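The following exercises concern the packing of a single protein chain. Each task is followed by a solution in steps.

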Amino acid sequence: ASFSLGAPATSLSRMPVSFYEKIMLALPKDRHVKVAADTCGESLRRTLKHSPFLVKPNRKELEELAGERLSSMNDIICAAKKLHAAGAENVLVSLGGDGAVIVCGDGNACFCPALGGKPVNTVGAGDSMVAGFTAGISGGRDVREAFELACAAGGAAAPSAGQRPGNRKNPPRPRRRPSVRPRRGRNWHIRAAARPASRIRR
């Protein structure tokens, strides 16, 4: 089972930094609940010692935790690996129009570019990524496949110029689907495959 923890950014400032930590401590250990902690700052830092299955900072939040500007992909991956070493099993970093990167439980790094044109509104895209990732894991997919689904969900929620917003009958879809292929050494690269969304099948 997956249990996602998160709150709008406007609400985080009104919550004690121990809020999510207390929830994690209250979860029954024998249920083996996978926790996705979508929070930031000291609140996120406090969850790390309880080994969340997923944390999802964006670039700005990761920079605040790292205490420095992260100007390259290597800097971002190194900062994400520090969160992994501190206790998070998987660290997914949303990068807005630059895509996303994840450091997996085995220490491998995966990258996915933005799936479509330049986004005009990324509000809610990070939440959609968490939803896509947890849905993938709950559905029996492995971490890389769940990351694909997370990127597709985030890309669909961040419409590009010319795209119409979706609704329940016609949900938004990314213009392209991500696919995984090996890169250098123990790293993986996820490239955007130019395939119509209507043909995406599992």
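A residue counts as buried if its relative accessible area is under 20%, as exposed if over 50%, and as partly exposed in between. The model is predicted.

**Exercise 1.** Classify Phe19 and Tyr20 by accessibility, and determine the geometry of their ring pair.

*Solution.* 
1. Tyr20 has a relative accessibility of 2%, so this residue is buried.
2. Phe19 has 34% relative accessibility and therefore counts as partly exposed.
3. A pair of aromatic rings is described by the distance of the centres and the angle of the planes.
4. Ring centres must lie within 6.5 Å, and planes over 60 degrees apart count as edge-to-face.
5. For Phe19 and Tyr20 the centres are 5.2 Å apart and the planes stand at 85°, so the pair is edge-to-face.

**Exercise 2.** Describe the aromatic pair formed by Phe53 and Phe133, and locate the two residues in the chain.

*Solution.* 
1. The centre-to-centre distance is 6.2 Å and the angle between the planes is 45°, which makes the pair tilted.
2. Phe53 lies in the loop between H3 and S3, whereas Phe133 belongs to helix H6 (residues 125-138).
3. The two residues are 80 residues apart, and their pair links distant parts of the chain.
4. Phe53 and Phe133 are both buried.

**Exercise 3.** Which residues of helix H3 are buried, and what covers them?

*Solution.* 
1. Within H3 (residues 41-48), the buried residues are Ser43, Leu44, Thr47 and Leu48.
2. These residues lie on the same side of H3, because they cover an arc of only 150° around the axis.
3. An α-helix has 3.6 residues a turn, so residues three or four places apart point the same way.
4. The cover over the buried residues of H3 includes helices H2 (19-26), H4 (59-66) and H5 (73-86), together with strands S2 (34-38) and S3 (54-55).

**Exercise 4.** Identify the elements that give two or more residues to the largest nonpolar core, and the contacts of Leu62.

*Solution.* 
1. The largest nonpolar core has 20 residues; Leu62, Ile76, Leu83 and Val93 are among those with the most contacts inside it.
2. Two or more residues each come from H3, H4, H5, strand S4 (90-94), strand S5 (100-103) and strand S6 (109-112).
3. H5 gives the largest share of this core, five residues.
4. Not counting residues up to four places away in sequence, Leu62 touches Pro57, Leu70, Ile76, Ala79, Ala80, Leu83 and Val93.
5. Another core, of 19 residues, lies apart from this one and includes Phe53, Leu54, Val143 and Ala150.

Methods. Residues are numbered from 1 along each chain as its sequence is written. This is a predicted model: local features need pLDDT of at least 70, side-chain atom pairs count only at pLDDT 80 or more; totals for chains, interfaces and linings use all residues. Side-chain values use heavy atoms; hydrogens and water are left out. Buried means under 20% relative accessible area, exposed over 50%, partly exposed in between (1.4 Å probe, protein chains only). Helices (H or I, at least four residues) and strands (E, at least two) are DSSP runs, numbered from the N terminus. The arc is that of the directions from the helix axis to the C-beta atoms. Contact means heavy atoms within 4.5 Å. A nonpolar core is a set of buried Ala, Val, Leu, Ile, Met, Phe, Trp, Tyr and Cys residues joined through side-chain atoms within 4.5 Å. Rings of Phe, Tyr and Trp (its six-membered ring) pair if their centres lie within 6.5 Å; planes under 30 degrees apart count as stacked, over 60 as edge-to-face and the rest as tilted.
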